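This briefing is meant to be read alongside the sequence and the three-dimensional structure. It begins with the overall picture and then turns to individual side chains, grouped by topic.

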Amino acid sequence: MTVSNLKEINDRYIAEEWRKAVIKRAKIKANVYESAKRLFQFAEDNDYVKLFTEEA
């Protein structure tokens, strides 16, 4: 193996790890957005709001 081959292997490894990190962050962000969407849907639902205010 030459230095060039090792550099190429290392660059591919770094690129793959970077790709995995980007995918992981995207999944986390998608989960956060989905949770926020559900919360806003609950807030818009008058039955839920009435139920919550009646119990308080």
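A residue is called buried under 20% relative accessible area, exposed over 50%, and partly exposed in between. Lys20, with a relative accessible area of 44%, is therefore partly exposed. The model discussed here is a predicted one, and its protein chain has a secondary structure of 2 helices and 0 strands.

**Chain and surface**

- Of the 56 residues in the protein chain, 0% are buried.
- The protein chain presents an accessible surface of about 5600 Å², and carbon and sulfur atoms account for 61% of that area.
- Met1, Leu6 and Ile9 together make a nonpolar surface patch of about 340 Å².

**Salt bridges**

- Side chains of opposite charge can pair when their charged atoms come close.
- Asp11 and Lys7 are joined through their side chains in a salt bridge, with an N to O distance of 3.0 Å; because the two residues are 4 residues apart in helix H1, which covers residues 3–44, about one helical turn separates Asp11 from Lys7.
- In this pair, Lys7 has a relative accessibility of 52% and so counts as exposed, whereas Asp11, at 37%, counts as partly exposed.
- Arg19 and Glu16 form a salt bridge between their side chains at 2.7 Å, taken from N to O, and their spacing of 3 residues in helix H1 means that Arg19 and Glu16 are about one helical turn apart.
- Arg19 has a relative accessible area of 43% and is partly exposed, while Glu16 is likewise partly exposed, with a value of 32%.
- Lys20 and Glu17 meet through their side chains in a salt bridge with an N to O distance of 3.7 Å, a value that qualifies because the cut-off for such a pair is within 4 Å.
- Lys20 and Glu17 also lie 3 residues apart in helix H1, so that about one helical turn separates these two partners.
- Glu17, at 33% relative accessibility, counts as partly exposed, and Lys20, as stated at the outset, is partly exposed at 44%.

**Aromatic side chains**

- How many aromatic pairs does the structure hold? The count of aromatic pairs in the structure is 0.
- Which residue lies over the face of Trp18? Arg25 takes that position, at 5.7 Å from the ring centre of Trp18, and this distance meets the requirement that CZ of Arg be within 6 Å of the ring centre.

Methods:
Residues are numbered from 1 along each chain as its sequence is written. This is a predicted model: local features need pLDDT of at least 70, side-chain atom pairs count only at pLDDT 80 or more; totals for chains, interfaces and linings use all residues. Side-chain values use heavy atoms; hydrogens and water are left out. Buried means under 20% relative accessible area, exposed over 50%, partly exposed in between (1.4 Å probe, protein chains only). Rings of Phe, Tyr and Trp (its six-membered ring) pair if their centres lie within 6.5 Å; planes under 30 degrees apart count as stacked, over 60 as edge-to-face and the rest as tilted. A charge sits over a ring if NZ of Lys or CZ of Arg is within 6 Å of the ring centre and within 35 degrees of the ring normal. Accessible areas come from the Shrake-Rupley method with a 1.4 Å probe; for residues, only the protein chains shown count as cover. Patches are made of residues with over 30% relative accessible area and no salt bridge: like charges are joined within 9 Å, nonpolar side chains (Val, Leu, Ile, Met, Phe, Trp, Tyr) within 5 Å.
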